[in-house]
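Please examine the sequence and the structure shown below before reading on.

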Amino acid sequence: MIALLPLIPLLAAQSIDSQPPRHPPRTIAVDERLARDAGLRIGDTLVLAPTPGQAGDTVIVSALVKRPADPSEVARGAYRIRVHLDELQQLVGYGERVERFAVATRGHAATDTALGAIDASAFGFRAYSSREIAVESSTTFLVVSRFHRAIGVITIVASAVFLLCIMLLKVDERRRDVAALRLMGISARTIMRSVVLESALIAACGSVAGVALGSAVSAFVNWHYQRVYRTPLTFSLVTGEIIGIAVALSLCLGVGAGWLAAQRLVRQPPLSLFGR
Amino acid sequence: MILSLARASLVRHRTRTLLAVIGVAISAAMLLDMVMLASGMRVSFRSLLLSQGFQIRLAPRGTLPFDTDATIPGASSIIARLEARADVLAVSPVLGAQLHVERGGASVSAAALGTLAAVQGDYKVLTGRAPTGDGEAAVNDALLAAVGARIGDTLRVAAGFDPQLRGYTGQRTIRIVGRVHFTYLAAGERALALPLAVLQAMEGPSQADRVSLMMVRLRDGAAVEAARQAIDREIPEVSAISTASAIEQVEQRLSYFRQLAFILGTVSLAVGFLLVTTLVTVSVNERLGEIAVLRAIGVRRIRIVEQILIEGTVIMLGGAVAGLGLGLLTARYLNSILAAFPGLPEAIDFFLFQPRDAWVALGLLAACGILAGVYPAWHGASRPIAGTLREEAVA
């Protein structure tokens, strides 16, 4: 049975001393980040001690473990090793205690029954479903997600104003052209449609460029933060749904801005557009 | 005259100018927020760490304070060694634990800090006094509310459970002698303070003479970094962390926000710059004839350039001033979102307004406003007068 040891300071890696071990050395698994930083390899002999400099147990590194992509640990620089449970209990004077049990059940219904039964009969500990633990441990990311959403709303408002400004400038540039078209008999409705179509096309082109830029930035963000935090975690995910929402939003903003800008053109008489 | 012309040009297209100012205001607000975010955490965290006057923290070797459940063994011997140092004024040991608090049949869990009342720097007494004797505790508002207690009431507290005996371990009956505010705890976190020896005894033999953290106050004029290095070298059980190194480590963990602030700040600035450049360029293109006339009647090229630069700067500064208020509002909102981070001390602000931030944002925007007008100004002022007048007359 393997125990997870979250407290690296309890452990000190040091060279084997001259005292012979009392029993054949047991094995431990070392997280690859610790192995890389401390220059450890499979087969290396270490001494695990609860306090630096004190005598401890001699162990052999038998495996290097890849860290799971756990978001709740991404910012923590703690190293991890996996030790046999009984050895860790003995090493840190923990008696026969454990911090938690993981229980596999036979489906959702069995989970609920087991939770109720354990909570009713047990004293001194509480049973949680994996879902409850996931909700609790993901609070940090819910906060970050809310923060990103707020930043996103500000960005959308800024983009909308920017787009409206650009469309306004574009239609203002063409006041005389539009006046001429109106005098030739082209209806205000047709002019309106053409302006809206133009702004939709601009928004579509911008969306394509935005998706390409966003994908590139996302790839860079993943590459950068995976290196910074040394984790396989995916930090930025560009999904079809996200692209769909972004493009739809962009088109809506484009059409809206075009419509508002076109309103300024078609509401004025053609001669007024000529400046007379 | 230049100012009048610039004003007339901006007023001529009110909607356009207004939209540009709104666009710049949003960019300015975002820029201000990002400047505040970039420096806010550092300043806020630094002032929090220094608020109680302790310059060095000692945590179990290899950890940050309260980052793990590890504790420092042989606390009294370490404290004696520290107090023997000439540069150390006071040492405040702290043991952290989770206790079960019972009152009237209700039971809640709460964070407990074991401290020495005379030197503690973890809480401020709001009402009553700090706990000094066995059977005394000071409690924060969140715990008082959770158990419906007041100063003078008694509570039953326990350090743990014994599943075999089906009973609590490390039980005590305590009297609430004070209402306190814990400096480093998160908002709404239930907590109580006990005398250190009481909490150590409640936790049992495993925590005898152990503490989670020691805070060290140095004498005035003592070299903090030299003291930190010496302590770190001489006491192998602990990692000595100065305020600077603690800030550095926290910044490393929260580097994401600093980088986000840099990227979004740059994007905001670029958007504002593009908006003003576009607007001024179009505005100048519309007025090529007018500019040619001004030059034909003797207005110098530099004056034309000045007028166009003023237009860009006015839009940028107008937007920046509006954006300052907007930025403070959005910063408060964004800060309220990030304040919900689990375990974040209540006193930490991600968005901390400092006048310097406003000046930085304003300076950057003003520089962008000037730069945004450079190309259109040069383009407008350097066109040939006769050719431009002819083209405009034909048009």
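Which residues of the largest nonpolar core touch the most other members?

The model discussed here is predicted. Its largest nonpolar core has 78 residues, and those that touch the most other members are Cys165(A), Val24(B), Leu31(B) and Val276(B). Helix H2(B) supplies the largest share of this core, namely 20 residues. In soluble globular proteins, nonpolar side chains tend to be buried together.

The surroundings of Val24(B) illustrate such packing. When residues up to four places away in sequence are not counted, Val24(B) touches Gly272(B), Leu275(B), Val276(B), Ile315(B), Met316(B), Gly319(B), Ala320(B) and Gly323(B). Another core, of 55 residues, lies apart from the largest one; Leu155(B), Ala159(B), Leu185(B) and Leu196(B) are among its residues.

## The interface between the chains

At the interface, 31 residues of chain A are in contact with 40 residues of chain B. On the chain B side, at least two residues each come from helix H2 (14–50), strand E7 (160–162), helix H8 (255–286) and helix H10 (301–338). The element that gives the most to this side is H2(B), with nine residues.

By residue type, the side of chain B that touches chain A comprises 23 nonpolar, ten polar and seven charged residues.

## The packing of H8(B) against H11(B)

Two packed helices are described by the angle between their axes and the distance between the axes. For H8(B) and helix H11 (residues 355–381) of chain B, the angle is about 30° and the axes are 9 Å apart. H8(B) is therefore roughly parallel to H11(B), since angles under 35 degrees count as roughly parallel. The crossing of H8(B) past H11(B) is right-handed.

Residues of H8(B) that take part in this contact include Leu269(B), Phe273(B), Val276(B) and Val280(B), while H11(B) contributes residues including Leu364(B), Leu365(B), Cys368(B) and Tyr375(B). The contact of H8(B) with H11(B) consists of twelve nonpolar and seven polar residues, with no charged residues. Val276(B), which belongs to this contact, is also one of the residues that touch the most other members of the largest nonpolar core.

## The build of chain A

Chain A contains nine helices and five strands. From the N terminus on, its elements follow the order β-β-α-β-β-β-α-α-α-α-α-α-α-α.

Chain A has 276 residues, of which 20% count as buried. Among the contacts in chain A with a separation of 6 or more, 75% join residues 24 or more positions apart.

Technical notes. Residues numbered from 1 in each chain as written. Chains lettered and ligands numbered in written order. Predicted model: local features only at pLDDT ≥ 70, side-chain atom pairs only at ≥ 80, totals over all residues. Contact = placed C-beta atoms within 7 Å. Helix = DSSP H or I, 4+ residues; strand = E, 2+ residues; numbered from the N terminus. Nonpolar A, V, L, I, M, F, W, Y, C, P; charged D, E, K, R; others polar. Axes fitted to C-alpha atoms, helices over the stretch in contact; angles between N-to-C directions. Parallel < 35°, antiparallel > 145°, perpendicular 65-115°, else oblique. Left-handed = near helix turned anticlockwise from the far one by under 90°. Core = buried A, V, L, I, M, F, W, Y, C linked by C-beta atoms within 7 Å. Buried ≥ 20, exposed ≤ 12 C-beta atoms within 10 Å, placed from the backbone.
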